Each structure stands twice: as C-alpha cells, then as structure tokens.
Amino acid sequence: PPSTPPDGLVRWNNSPSRPLQIVMDRNQREILHLRVPLQLRVVLTPHISVEQSMHRLTDMLSGRRVVDEDQREGLLSAEEREENEDDRWDGDDSTESDVATGIRRGRTETMSQFVNRQYQNIVHFFVEDWFLSAALGIITAILSIGVDVAIEYLLHLRLHMYEVLTDVSVYSGFCYWVLHIGVCVTFAALFCSLVSKQAVGSGIPEVKVIISGFVLKNYLSLKTLIAKVIGLVFTLGGGLPVGKEGPFVHMGAIVASLLTKATTACRYNQFFSNEGREMEMLSSGCAVGIACTFSAPAGGVLYGIESTSKYFAVKNYWRSFFATTCSALVFRFAMAAIVPPHIGGTITAYYQTNFPNEVFLVEEIPLFVLLGVMCGLAGALFILVHRKIATFMKTNRLFQAVFGKSPVAFTALIACLVAVVTFPGGLGMYLAGKLTFRETLADFVANCTFSLPYENGTGLGCKPSLLSHWTGGVNGEIGGIHPLLTLTCYLIVYFFLVAQCISLHVPAGIFVPSFVMGACGGRIMGEALAMWFPEGIRGAGNPQIYPGLYAVVGAAAYTGAVTHSLSIAVIVCETTGQLCALLPVLIALMIANAICSFLQPSIYESIILLKNLPFLTDLPPSRISVHTLKVEKVMVKELYFISRHTTYKELRDLVIATPHLRSYPFVTDKESMCLLGSVSRRYLVYLLYNKLGHDPALHTDKRRSRTASELLSTIHSFRRQSSHATGLGQIATPSYLTDRNISGNTLLAHSPLHDAGGHHRALAPLLSRQTEPHLELPPQTVMERATLLASAVIIDDAAIDPAPFQLVNGTSLFKVHTLFSLLGLNHAYVTERGRLVGVVSLKELRETFSNIYLRGALPIQRPSMARPALSENGSAA
C-alpha cells in the first residue's frame, strides 16, 4: 500500500492522466471521500474500513475481478455494467455511495415518489428552457411596443403642432420645432443622468464586454432599464437622428438578466447556479432586441450573435430562435388587437418591396461591386470621424472647461442645432426635414424612379406626393429642387450629424441611421444610372434600372461595413419580404465588410476602445505582425512567485506588497523555477489568517472591479457567511473560499472549461473547514511569532491548481489571441521546458494590439523597474 501523508490524503497513480485519491479521517481508520475511476466505483464505498478497502483495491489493481453485491444481484442494467467495465474516467464527481443510493431508491421507490420526481423534472424542463425563453421574448416585445407607440405619438405631436403654428406664423413654427426637440432631448439626457448614467449610449459595446466575462456595475439593473426606456422615448420622440436597435439590445439583455436573477429560489439546482446560463440568456436577450427592432426573428438571432459574441454555443441557438419567435408573435398580436390603426402602420419595421424576379442584369454586378467598395470606404471614414469627435470631446481643454462637467448642457445645445438644421422651412427643405427615418427609408426603397415623370404611363415614375419630399414641395406638390441635390445634401449632413449625435448623453443606436445613410447613397447611385440609361443598360424592351434595388444594396453594405456584420443580408430579406435582391446584397456586403474590417474596427469596438473597457479586440485581416511577433516579446518577465521554501514572513510581505494580484505561480524553487501550479491570493490570506491571526494589512483590496467568475460563483458562500455571521465584537474572517477562487482560476466565467464542482470534490474537506467555528489564536510571544514567521509555509495540496493554462515560449500572438478569445482566458503562464519564464494577460495583449490598425502589433515598451503582472481589471496573473 502507498504511504500516507500527515494530511490523510492517499494517492495511487493508477492512471498517468488522473490519480486515484482517497481521503481518510485523521485516525486513518475510515474512508471519507473517494475520487476513483469508474470501474472502481462499484467496488469501494465511503465510510468503510481502511483494511477492507485495501484488500479490494489490491485485488482490483492486480487484475483480479471484484464483483459488487448489487451487480451480483443483477440490479445493474447491461449498459451500466458495460460502462462500469469500460476503462475510462467518469465525468461527474459523484461517489459510489450516490450510485448505490440511486439504485436502492429505484428499487424501493413508490408510485407517488415516482410521480413526484417526474413532476419535478417536467417543471424544471419547462422553467429552464421554455418558460424563461418565452418570457424573455414576450416581455421585451411588450416593452418594444410601448416604446414605439410613445415615440410615434411624440413625433405626431411635433408634426401636427408645427403645421398648426406655421399657418399662424413661420417664426412660431420655427420656435416650436426647436423647442420640441430641445426639450425632449434635454429631458432624456437629464433623466438618464439622474437615474442611471449606464443607460447612455448604444449599450451593445457594454453588453459585448459583459458577455466576454467581465462585470460592469449597474449596466444590467432595473434602474438602467427604466432610464433606457424613458430616455429612448424622448430622444427618438424629439426627433434626434439616432437609432433604437442598440438600446433595444441593451433592454433585452437587462430583461434576460432580471429573469435570471428571478430564479434565485432555484439556486439549489446546478442549472441555475451556473453562471454560463446567464451568459446564454444575455445572448438570447440581444437577439430579441434586434428582432423587436426589425421584426426579423432569424436575422435578429444572427445579428445578436455577431454584434455581441466572439464565439457562440450552438446549443443556445434554439433558445434564441424560440425567444425571437415569441417576440414576433406578440408583435403581430399587438398590431392586430391592441395598437390603434393609425399608429400600427407606422411602428412596423416592414419595408415591403415589389421588385420583379429579374431585378438586375449580369452587367450590373460590377456596379454592385463598386457600390460595396464605396460603402466600405464610407463606413471606415464614418468610424474615424466618430472617433475623432469623441476624442476631441474627451481631451480638448476648452471643451472640458465649458462642457466637461455638464454633458446635459452640451446635449441640449446639439439638439437645438439639429432642430435648426432640419427645420422644414429652412435648410430642412433640402433634407426632407419633416420625415422620420422610417418614412425616409420607405421612400428610398420604393420601386420607382425620381427622375422619371409619373404621368408617362410606364409605371416607373414616383408619385407626386413622394417626389414632394425630395424636391422641396409643399402639400404634396412637386417643388423646384432636383432630387439628386436633395439626396446628396441629406447624405452629407446626416453623415456628420449622426456621428455627433451618437456621442451625446442619451440612449442612441447606430444601426438604423447607418441603414438610412447607406440607402441614401445607394439611391443616389441608382438615380444617376437611371438618368444615364433611361431605357436600361441593354436598351428598350429589356429590364430597367431600379434605384430602389441600389438603395437596398447600399443600406446593407454600409451597415455591414460600420458594424462588421454579415447577418444584415438576412435582415434585409426579412424586412423587404423578397429574396431577389439577395445576390447583389451579399456581393456588396462582403466587399464593404472586408474593406472596412481592414481599415477600422467596428463601431462597437471603437466605442469600447474610447471608453477603455476591458475587452480584447478582434484582429483585423492580413496583419503579418501577429504571426511573426512571439509571446516572449510581450510577456511580463519580472514575476512574483511562491515555493515550498517561502517563509510566512516572505509570504506576508508579498501579499501586502501586491494588492492587485489575484493569484501567484507556485514553483519548485528560485533556481529551477519549475512551474507546479498556481495559488490564489484569497487562499494565501486565509492561510496567514489561520497562522498569524487577524492582520488589517492583508485585507487591502485595490482592485477596480471584479470578474464574473468572482461575483457569480460566490452565491452559496455569501449565504453560508450570513448564516455563520460573527457575533458582536468578534473579528470577521476573510471571505469564504470556493472551488473557483481557491486556486486563482485563469478562466473567465463563461468558459466551458470551468468545472462547476460540488461537495464530492477533493476540495470539500478544505472548504468545509471554513464553516467550523474559528477559535481565536492564543497569545503569542515575540519569540514564538518570530519563529513562525521564519518557518516555511505549509500549503494544502488541494489549494494548488496543478494545471494553470500555459503557453510555450515561441507561441505567436495570433495563437495567443485565439486561445484567449475562445477559452475566455484571464492570463496564461509562459514556460520553457517546464520552467516558468513569464506571464501574459489581457492587459499586455490589449496594449500590444492598441494600434493594430495603424502600425500592427508592437511589443510593449516597459520601464526598467520590475512590476507585478496584472491582468485586466487589476486582476493579476
């Protein structure tokens, strides 16, 4: 038999990959816990004598077959016996006693117990999968309908009052037009500033960061949802040229988060205690938000995945589709039964087109390619302009001195400027100032031509009521301004207005404005071609030029370039109701996306960089430096580490000197530096507390924020802490250790490599000790304390993570980026033949890729002084 260490942990190296472990009591007379291969589970049970277990283990390891009593009685099925005979490890952590208990329960279970158990299974089945997804779709759709109806009433009020006051006086109409936009937008900014500042902006960049595994405070709270709804209603109801898809995505994510928190009563179930489930619900919430904006269930799911997730779990696919389907059903029911008819026709997102099946010719494909190139360049320019505006607002001293502490005032000023520019009686005549984005987009995709007269009988000319919008006409009469001039002015003015407005202190999306601007650019190209080829490219009797088709292609290409998304093609097909434009849409969309991806990050990643949020940006295509630059050029080489030779004094000084570090590498010694694992800071503080007593210097926590793994994995520990609260005047113990934070996990919360763990793990004895009442240490003399501080630390083997994520010295940054993104890594140790040589974390990678679009990946220029290796959010590797 193997030797027994003092801690009572006995190991057999029966398998080279995973050891056989038995935990005994202190007297080594009884088995307390087993961690054995599957074929031994039917042989050994806890709480049997050590002598009996040794005989059974000796027989099994020597090759002799031992048959369990339950097997001897034929209680196990043929499949279970075959699995037990298979030489592999079981994936769960249940012991043989659980298996035996389950077998006996099945043998003695009554009919009422069977019915009750199946009832619980059915309830959990519906609650876990169907009910939450349906509730997510229904609640988000109801919010969407309410927001849309409120927005339309405010827009109708603006137009009606403007027309009434204009009949009295042009000046009174102008004053009301400016006052309406200014008051509504100012109220929205003020409400968001007072209730929840997290409601400002799109919301997609923040949700993208949260799904990556980091927690942003109050971004998924009920206050943020209320501020988002009210702020969005008054922002869009006032007439500010921004979209609603970003705020709707944020609203869907908040609803998903609140529904997840509503299942707190079911936290005993491992399904609800898994934080990966919350990330799946957030992804579904994002998809529902897009589906509510465009009434596109399939496109909403795809766009939600593309805009918020780098890697998506396919098993969550059907949940997102089910949630968006429920949302679409509620939308249709509301349109037919609840929403007033005069409003119902305006809040639907359908832009039905009636193009013929032969809507384009082969000769037009190069024109679609050219349109894709132009949209790609325009999208990159838009992102650059927006970044320059945001950077100016953030860094300019004069601007900071005037508006730095009052973003609401600047928002009100820009709102008044927008009102002056879009005033229909002034410059708004050249911009179709009366029209909303929905009405403008409907004109752009119309199957008619602005340059052809309506009376020619061909059916290709537009109606006078539509032409009056783009010729400066009044009361449906055609004006004297050429439509191409109006379209060009509209595109140029709104290009800069939108870039400025999405930087204001109000909820604002970018999808719908991008869609409209792209449609305008495509319409300009289509109208120009229709003027040059009035009878079509092939001449009379052949298919004509359809400017509406170019508007659809331009809208998809420009939006895909700005957002770096390809699912726009599906959304376009769902909103237009036709598939005939799919091929030109895909051609222009892919070309525009490729060009903009090469030149600039997406608008959401650009906002992430501007706000300095903890997120690892995507790599642009064709960057040679990410393949040639190795991890040894960016890793941190000056490391803090611990070993078996570290004394308690050195450990205490180390913990106090590095308050930002979250975990420490554990090596053999200073000379060889062979990496044995990693130990978390929380365990080391707990160890020093048990040895040295309470020390306020050890509880300095300077980390700026906490990762989702730290926050979501401590639910049960908080409950235990509250149930074992210390009495009055008693010194509180450090925070409870869990199976996640005890070894300084390198993985973020959503990673599939996280092991949920349970009470049957090897960590169970160590974790259960925390619930025992802590006795105060007896007074120590100066000599006793000095002797203890000079002694070597004794670290529990269970507290050491034996397999922290490691990289070899010559790994390329492309592979490092892929691993960090795919696995959700926080940091990784760099080794050379087992020797620890450095560590790389999210902080180093973000600094390396900060100028990837301009100068490629560059090594970090560090000062000569040594510093600890910090990962993102102040969490150290």
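What is the volume of the second largest pocket? About 1,000 Å³, as the space filled by probe spheres set on grid points joined across faces, edges and corners. A pocket here is an open set of points on a 1 Å grid over the protein atoms alone, where a 1.4 Å probe fits, with protein on both sides within 12 Å along at least five of seven lines.

The model is predicted, and totals for linings use all residues, while local features need pLDDT of at least 70 and side-chain atom pairs pLDDT 80 or more. Residues are numbered from 1 along each chain, and side-chain values use heavy atoms, without hydrogens and water.

Select V200, S503, L504, H505 and K611, which lie nearest the pocket's centre among 37 lining residues (an atom within 4 Å of a point). Elements giving two or more residues to this lining include helix 16 (365–395) and helix 26 (603–611); helices are DSSP runs of H or I, at least four residues, numbered from the N terminus.

Next, show helix 16 with helix 25 (residues 582–599): their axes come within 7 Å and cross at roughly 35 degrees. Axes are lines fitted to C-alpha atoms over the stretch in contact, with angles from 0 to 180 degrees between N-to-C directions. Among the residues that meet are G372 and G376 of helix 16 and A588 and A592 of helix 25 (heavy atoms within 4.5 Å).

Finally, go to helix 9 (residues 222–238) and helix 10 (residues 245–261), whose axes come within 10 Å and cross at roughly 155 degrees. Helix 9 and helix 10 are therefore roughly antiparallel (over 145 degrees). Their contact includes L225 and K228 of helix 9 and M251 and I254 of helix 10.

How values were computed. Parallel < 35°, antiparallel > 145°, perpendicular 65-115°, else oblique.
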